[in-house]
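This report describes one protein model through its fold, its charged pairs and its aromatic rings. The sequence and coordinates come first.

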Amino acid sequence: MPIHEEKPWPRMRAVLFLALAFMAVYWPLQLGRRELHWREGFYGTMAQEMNLLWPHSVAHGEVITGEYPLYPWAIAILQRGMGELGQQLPLAFWLRLVSVLSLAATTILVWLAGRQAISETAGAVASAACISMLLPMEKAIEGYPQMLAAAWLCAGWLSWFHYGVARGQWQRAWTLALSCCGMGFYTIGWQAVLFFVFPLLWLRRPMSLWHRRPGRELLAGLAILCGFILLWGVPRWFAGGVVFRQLRLDPGAFSGSYLMQLAAFPLLAALRLMP
């Protein structure tokens, strides 16, 4: 019999602790202090020129190749929805606020998954790890769409496992999972589709596509994903942008510095994902 048995935290105490920890690390008032840097200016310009009813990635009147509209669209909705306050606060604040809110959504999803899989304590610990990892602490306070895409992908994976693997409700699982994948595509493009599919390929029977014909539930989910692709491609085509661009391999891409970074990536990734 153990000498000391640890009691789980009450739910409200854990939620309050996580909320205070999140606010301490990602305090909103610090988001607008730094000037825009690198490609943050492009997203800010796209948000200012965004047509809320016909969204596509346009900056200075030209369609930006390789960019997707959901992130600047969310910035435009948030900034314009706040009215006068949206004009008073700097654009950098709204750019980074969407990224921070995306991390908050991911933290909530992780807490719900840990709570349902094991216990309230496990969910709180998983959320605390999500908040305190070095990578989100560095990237969530920058105005880029990666945190928003990560939130959609996390929601898609958890929906697939919760409704499909755990409950056997494959119609709902594929519909929700591929809808989230479509939102991820609408945020960062084909990378989101690759990142969504890659973990599923490591299952014992990866999606069962090689063992039986795909069912109606999978086909319905794929139709939703194709709908998001068309939702991105059609306005882009009408605006005169390139829908499918040719990939070109730069001979100087595989230089010595690139190979050194590639070799160091596993170690650096492990260190930056540590809480």
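The sections below go from the basis of the model to the whole chain and then to individual residues.

## Basis

The model is predicted: local features need pLDDT of at least 70 and side-chain atom pairs count only at pLDDT 80 or more, while totals for chains, interfaces and linings use all residues. Residues are numbered from 1 along each chain as its sequence is written, and side-chain values use heavy atoms, with hydrogens and water left out.

## Chain overview

The protein chain has twelve helices and two strands. Helices (H or I, at least four residues) and strands (E, at least two) are DSSP runs, numbered from the N terminus. Their order from the N terminus is α-α-β-β-α-α-α-α-α-α-α-α-α-α.

Of the 275 residues, 37% are buried; buried means under 20% relative accessible area, exposed over 50% and partly exposed in between (1.4 Å probe, protein chains only). The accessible surface comes to about 17000 Å², and carbon and sulfur atoms account for 68% of it. These areas come from the Shrake-Rupley method with a 1.4 Å probe, and for residues only the protein chains shown count as cover. Taking contacts (heavy atoms within 4.5 Å) between residues at least 6 apart in sequence, 70% join residues at least 24 apart.

Helix H2 spans residues 40–48, and its buried residues are Glu 40, Tyr 43, Gly 44, Thr 45, Met 46 and Ala 47. They pack against strand E1 (58–59), helix H3 (70–81) and helix H5 (91–117).

Ser 127 belongs to helix H6 (residues 120–132) and is buried at 1% relative accessible area. Leaving aside residues up to four places away in sequence, Ser 127 touches Leu 18, Thr 107, Val 110 and Trp 111.

## Charged side chains

Side chains of opposite charge can pair when their charged atoms come close. With a salt bridge defined as a side-chain nitrogen of Lys or Arg within 4 Å of a carboxyl oxygen of Asp or Glu, the count is five. One of them joins Glu 40 and Arg 96, at 2.8 Å from N to O. Glu 40 lies in helix H2 and Arg 96 in helix H5, so this pair ties together parts 56 residues apart in sequence. Glu 40 is buried at 0% relative accessibility, and Arg 96 is buried with a relative accessible area of 0%.

A network of salt bridges links Glu 138, Lys 139, Glu 142 and Arg 272. Within it, Glu 138 meets Lys 139 at 3.7 Å. Glu 138 also bridges to Arg 272, with the closest N and O atoms 2.4 Å apart. Because Glu 138 is in helix H7 (residues 134–139) and Arg 272 in helix H12 (residues 256–272), the pair connects parts 134 residues apart in sequence. Glu 138 is partly exposed at 34%, as is Arg 272 at 30%.

## Aromatic rings

The whole structure holds 13 aromatic pairs. Rings of Phe, Tyr and Trp (its six-membered ring) pair if their centres lie within 6.5 Å; planes under 30 degrees apart are stacked, over 60 edge-to-face and the rest tilted. The rings of Trp 73 and Tyr 186 have centres 6.4 Å apart and planes at 80 degrees, so the pair is edge-to-face. Trp 73 in helix H3 and Tyr 186 in helix H9 (residues 170–188) are 113 residues apart. Trp 73 is partly exposed at 22%, whereas Tyr 186 is buried at 2%.

Phe 185 and Trp 232 also form an edge-to-face pair, with ring centres 5.5 Å apart and planes at 90 degrees. A cluster of ring pairs links Tyr 68, Phe 185, Trp 190 and Trp 232.
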